[in-house]
Amino acid sequence: MPTRQSTVLEPIRGSSGASILGPRNEPLERENPDILRSPETDAGTIPNLKFSFSAARNRLAPGGWAREVTIRELPIATTMAGVNMRLQPGGIRELHWHKEAEWAYMLAGRARLTAVDSQGRNFIDDVGVGDLWNFPAGIPHSIQGLEEGCEFLLVFDNGNFSENETFLISDWFAHTPCDVLAKNFGVSEAAFANLPSDIEHTRWILSGTVPGPLAKDTVRSPEGTVPATFSYRLLEDKPIKAAGGQVRIVDSHNFPAATTIAAALVDIEPGGMRELHWHPNVDEWQYFISGRARMTVFASGGKARTFDYQAGDVGYVPFAMGHYVENIGDEPVRFLEMFRSDHYADVSLNQWMALTTPELVRAHLNLDEATMGKLRKDKPIVVR
């Protein structure tokens, strides 16, 4: 039987550090070995760049649940916020809208989406695993779980967003005088005698009946349907293959409805690594779907910090900071890179060096000819 000393991680690296004598949270330490025992190359002070949905408050409702990671949970994440939501079969994220655009990735199951734009053009579609949707700010919409229910990630283009502050149709009715409602809809006040009163506990995510076939659920609008679909089949895209994995990029070029959020779905094989790179336009918000990964972020001025991630974790990289994401487990890593931008952009360290005068590069780093010959003029993206 292994001894406690052989199974407990201690903050010791070579001759540096010492064991922990006081109170400790061993499960959390095992999930974050590069924080407990940071690499020697880490230096300086960089804010926390990780928060797990498992540590977020989970709000339960009759039709499912939702938990969020916003600027309140991860203060460095000023540009975007995320929500992990689950709907039971027939469960409804009620008719609502918000000030922020809503971008989504379907994690499990299937759902039905509805929306109407400002010109009265409507939208309805069923989405499954790997599908996306994007509802621009102010567009009213709904989400309903189909036969097996569903779970998905929502991403909003504002770090201050909160799922608890959206504009709910039931909330608006509850705060509008009945005589005004009667006048607006051309009916008697008695028509509104049974409006829900406890919206906090009965609406927001409510129970419902699994809808029928899509064709029978469709309402025909005299103005037609939205000109640019609000959904996208990401997994149908041909991935960019690399030595250690692959990537699918989606932004306004191939998903015109998504004008404020760009993304990449990255797969890294065991032993592979998302190459050393940075993003020259905006911060990066990450969501880890599977596997175990390590990321070191270089912040200039002699500062760098390493974090460990697993499924359900959120990562963040501030604008222009260099970083890599390495698979440190024995199964593939899949994660989303997301950006508050209409387009995806990154700069490869390898490509930059390869496309710069060799003598200039050697003068900086004292590299030999063999290493210089390995530099690539394309982007490796994911290396083995």
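Q: Is Cys-178 buried, partly exposed or exposed?
A: This is a predicted model, and every value here is computed from it. Buried means under 20% relative accessible area, and exposed means over 50%. Cys-178 has a relative accessible area of 31%, so the residue counts as partly exposed.

Q: Is Cys-150 buried or exposed?
A: The cut-off for buried is under 20% relative accessible area. Cys-150 has a relative accessibility of 2%. Therefore Cys-150 is buried.

Q: How many disulfides does a search of the whole structure find?
A: A disulfide needs two cysteine sulfur atoms within 2.5 Å. The search covers the whole structure. The number of disulfides found is zero.

Q: How many helices and strands are in the chain?
A: The chain has 384 residues, and 46% of them count as buried. Its C-alpha trace spans about 85 × 55 × 35 Å along the principal axes. The chain holds ten helices and 26 strands.

Q: Which strands are the edge strands of the open sheet?
A: Seven strands form this sheet, in the order E3-E22-E19-E24-E17-E16-E15, with antiparallel pairing. An edge strand here pairs on one side only. The edge strands are E3 (50-52) and E15 (240-242).

Q: Which residue in E17 is the bridge partner of Gly-245?
A: Strand E16 covers residues 245-250, and strand E17 covers residues 262-268. The two strands pair in the antiparallel sense over six bridges. In E17, the partner of Gly-245 is Ile-268.

Q: Are the rings of Tyr-232 and Phe-255 stacked or edge-to-face?
A: The structure holds 17 aromatic pairs. In the pair of Tyr-232 and Phe-255, the ring centres are 5.2 Å apart and the planes stand at 25°. Planes under 30 degrees apart count as stacked. The pair of Tyr-232 and Phe-255 is therefore stacked.

Q: How many residues apart are Tyr-232 and Phe-255?
A: Tyr-232 lies in strand E14 (residues 231-233), while Phe-255 lies in the loop between E16 and E17. Tyr-232 is buried at 14% relative accessible area, and Phe-255 is buried at 1%. The pair links distant parts of the chain, and the separation is 23 residues.

Q: Are the rings of Phe-339 and Tyr-344 stacked or edge-to-face?
A: Phe-339 is buried at 1% relative accessible area, and Tyr-344 is buried at 14%. Their ring centres are 5.4 Å apart, with planes at 80°. Planes over 60 degrees apart count as edge-to-face. So the pair of Phe-339 and Tyr-344 is edge-to-face.

Q: Which residue lies over the face of Tyr-309?
A: Tyr-309 forms one aromatic cluster with Phe-288, Phe-307 and Phe-335. A charge counts as over a ring within 6 Å of the ring centre, if it is also within 35 degrees of the ring normal. At 5.8 Å from the ring centre of Tyr-309 lies Lys-50.

Q: Over the ring of which residue does the charged end of Arg-59 sit?
A: The distance from the charged end of Arg-59 to the ring centre is 3.8 Å. The ring belongs to Trp-204.

Q: How far apart in space are Val-226 and Ile-124, C-alpha to C-alpha?
A: Val-226 is in the loop between helix H7 (214-217) and E14. Val-226 is buried at 10% relative accessible area. Residues that Val-226 touches include Asp-117 and Phe-123. Val-226 and Ile-124 are 102 residues apart in sequence, and their distance in space is 9.6 Å.

Key. Residues numbered from 1 in each chain as written. Predicted model: local features only at pLDDT ≥ 70, side-chain atom pairs only at ≥ 80, totals over all residues. Heavy atoms only, no water. Pairing = 2+ DSSP bridges. Helix = DSSP H or I, 4+ residues; strand = E, 2+ residues; numbered from the N terminus. Phe/Tyr/Trp six-rings, centres within 6.5 Å; stacked < 30°, edge-to-face > 60°. Buried < 20%, exposed > 50% of the residue type's maximum accessible area, 1.4 Å probe, protein only. Contact = heavy atoms within 4.5 Å. Lists of a residue's contacts leave out its neighbours within four places in sequence.
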